[in-house]
Amino acid sequence: MKRLIAMMCAVLLAVSAVGCSNNNPQQNSSVSTAEESSKEESLAEESLAEESLAEQSSAAEESPVAEESSDVEDSYVVRVAALKGPTGMGLAKLMDENTEGTSQNQYEFTLASAPDEILASIIKGEYDIAAVPTNVASILYNKTEGKVQMAALNTLGVLYVVTSDDSITSIADLAGRTVYSSGQGAVPEIAFNYILEKNGLTAGTDVTVEYRSEHSELAALMASGEAEIAVLPQPFVTSVLMQNDKVHVALDLTEEWDKVTNSENQMTMGCIVVQKAFAEEHPEEMAAFMKEYQASVEYITDEANLEDAAALIEKADIIKAAIAQKALPECNIVFIDGQEMQQIASGFLQVLFDSNPAMVGGKLPDEDLYYQGSAE
């Protein structure tokens with residue numbers, strides 16, 4: 001009997017175990033199904049989110065406001081530096097168009113009184129384009145190992161010897177005299193020293209040369225009578241003559257340069273330089289600048305626009321309109337690019353190098369100095 005009871009208990013235990021075993025897969029299946037359901041819901045939510053973002057993006061692209069925002073964001077503001085002289089005067093029309101919002105490019109202009117004020121910034125790449133003395137373009141090219149190029153010539157000879165002494169009629173008459181000048185380290189110093197040398201005189205020995213940092217400072221000295229003889233460029237010559245009727249132009253240094261070089265190498269005072277990286281990375285903006293700058297120069301130098309051009313020059317805070325109107329015909333403002341620029345500039349730099357290599361940065365630059373893009 002006891003054995004029978006024991007056997008029955010064993011059977012009951014076996015049945016119970018089987019029941020428990022059958023329940024576990026159902027529980028596991030339920031958990032698995034819940035997890036899968038949760039994952040499917042998550043994927044569905046992600047899909048809906050992606051569709052919503054796609055719809056928003058599509059709507060943004062179709063929205064006029066979104067397009068305007070994109071245009072503003074994508075536009076590049078071209079940073080341009082120039083000097084308060086003929087180089088800045090040639091930019092006056094373009095500067096006004098930029099202010100009025102009618103220029104093709106957007107520009108940020110900086111005007112300086114002397115080259116030293118902008119050279120460090122050019123080397124650092126803080127200006128995309130700059131107007132500088134011609135020899136400085138070579139110095140910058142050498143200093144930056146080819147990162148700065150010459151894009152155009154913008155000013156030819158504009159140097160004069162002005163004096164209140166009627167006895168000064170030739171270079172030889174400067175012997176033993178003190179001559180004031182500006183533009184130390186740039187074309188005025190180089191050209192004047194070269195002309196003296198070719199006339200048998202040495203600056204610092206036969207002729208004492210006193211330098212002032214800015215053209216405007218020297219012009220003020222001449223106008224007040226504190227200086228008797230000076231080498232000055234236009235339009236500062238005109239400014240002095242208008243203020244002091246005892247001062248006159250004694251010598252045109254462009255003519256004197258032509259005499260000592262047999263007119264083989266043209267004097268060129270100023271040029272446009274460009275960061276090579278800017279020209280390569282923003283070719284459309286560079287081409288637009290060349291075209292707009294050429295048009296500006298042509299407008300400013302057209303005698304039919306003389307009065308308006310003078311007003312624009314004063315508006316740009318370069319020089320007074322009354323002075324600009326009289327000086328413009330004598331300022332020799334030009335726009336010369338391409339092969340003609342290279343021919344003129346290379347000959348001029350060769351003369352400077354032969355006279356003093358330091359004045360072009362220690363060595364003559366190679367042909368890569370000359371940016372060959374065109375304004376056409």
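Which residues form one aromatic cluster? I started my notebook with that, and I found Y107, F109, F289, Y293 and F335 together in the cluster. A reminder to myself: I am working on a predicted model.

**Entry 1: aromatic rings**

I counted seven aromatic pairs. The one I looked up in detail was W257 with F348, a tilted pair with 5.4 Å centre to centre and 45° between the planes. I was pleased to see that this pair links distant parts of the chain, with W257 in helix 10 (residues 253-261) and F348 in helix 15 (residues 338-355), 91 residues apart. I then checked burial for both partners. W257 has a relative accessible area of 0%, and F348 has one of 1%. Since buried means under 20%, I put W257 down as buried and F348 as buried too. I also noted a charge over a ring: K93 lies over the face of Y299, at 4.5 Å from the ring centre.

**Entry 2: nonpolar cores**

I turned to the largest nonpolar core, which has 56 residues. M150, L174 and W257 touch the most other members there, so W257 turns up again in my notes.

**Entry 3: helix 10**

I listed the buried residues of helix 10 as L253, T254, E256, W257 and T261. Looking down the axis, I saw these buried residues fall within an arc of 160°, so they line one face of the helix. I asked what covers them, and my list includes strand 5 (159-163), helix 7 (187-198), strand 8 (229-233), strand 9 and helix 15. At the start of helix 10, I found a side-chain oxygen of D252 within 2.9 Å of the backbone nitrogen of T254. After the helix comes N262, with a positive phi near 55°. S263 also has a positive phi, near 60°, although this residue is other than glycine. I placed S263 in the loop between helix 10 and strand 10, and noted S263 as exposed, with a relative accessible area of 53%.

**Entry 4: helix 5**

Here I found I118, S121 and I122 to be the buried residues of helix 5 (residues 116-123). Their arc, seen down the axis, is within 105°, so they line one face of helix 5. They pack against strand 1 (77-83), strand 2 (106-112), strand 3 (129-133), helix 6 (134-143), strand 4 (148-156) and strand 10 (268-275). G125 follows helix 5, and I read a positive phi near 85° for G125.

**Entry 5: loops**

I looked at N244 in the loop between helix 9 (236-243) and strand 9 (248-252). Is N244 buried or exposed? I noted N244 as buried, with a relative accessible area of 12%. A polar atom of the N244 side chain lies 3.2 Å from the backbone oxygen of A223. Leaving aside neighbours within four places in sequence, I found N244 in contact with M222, A223 and G225.

Next I checked the backbone. I found a cis peptide bond joining Q234 and P235, with omega about 5°, and P235 sits in the loop between strand 8 and helix 9. E145 is not a glycine, yet I read a positive phi of about 55° for E145. E145 belongs to the loop between helix 6 and strand 4, and is exposed, with a relative accessible area of 72%.

Key:
Residues are numbered from 1 along each chain as its sequence is written. This is a predicted model: local features need pLDDT of at least 70, side-chain atom pairs count only at pLDDT 80 or more; totals for chains, interfaces and linings use all residues. Side-chain values use heavy atoms; hydrogens and water are left out. A nonpolar core is a set of buried Ala, Val, Leu, Ile, Met, Phe, Trp, Tyr and Cys residues joined through side-chain atoms within 4.5 Å. Buried means under 20% relative accessible area, exposed over 50%, partly exposed in between (1.4 Å probe, protein chains only). Rings of Phe, Tyr and Trp (its six-membered ring) pair if their centres lie within 6.5 Å; planes under 30 degrees apart count as stacked, over 60 as edge-to-face and the rest as tilted. Helices (H or I, at least four residues) and strands (E, at least two) are DSSP runs, numbered from the N terminus. A charge sits over a ring if NZ of Lys or CZ of Arg is within 6 Å of the ring centre and within 35 degrees of the ring normal. A polar contact is a pair of N or O atoms within 3.5 Å; within protein, one must be able to donate a hydrogen and the other to accept it, and residues adjacent in sequence count only if both atoms are side-chain atoms. Contact means heavy atoms within 4.5 Å. The arc is that of the directions from the helix axis to the C-beta atoms.
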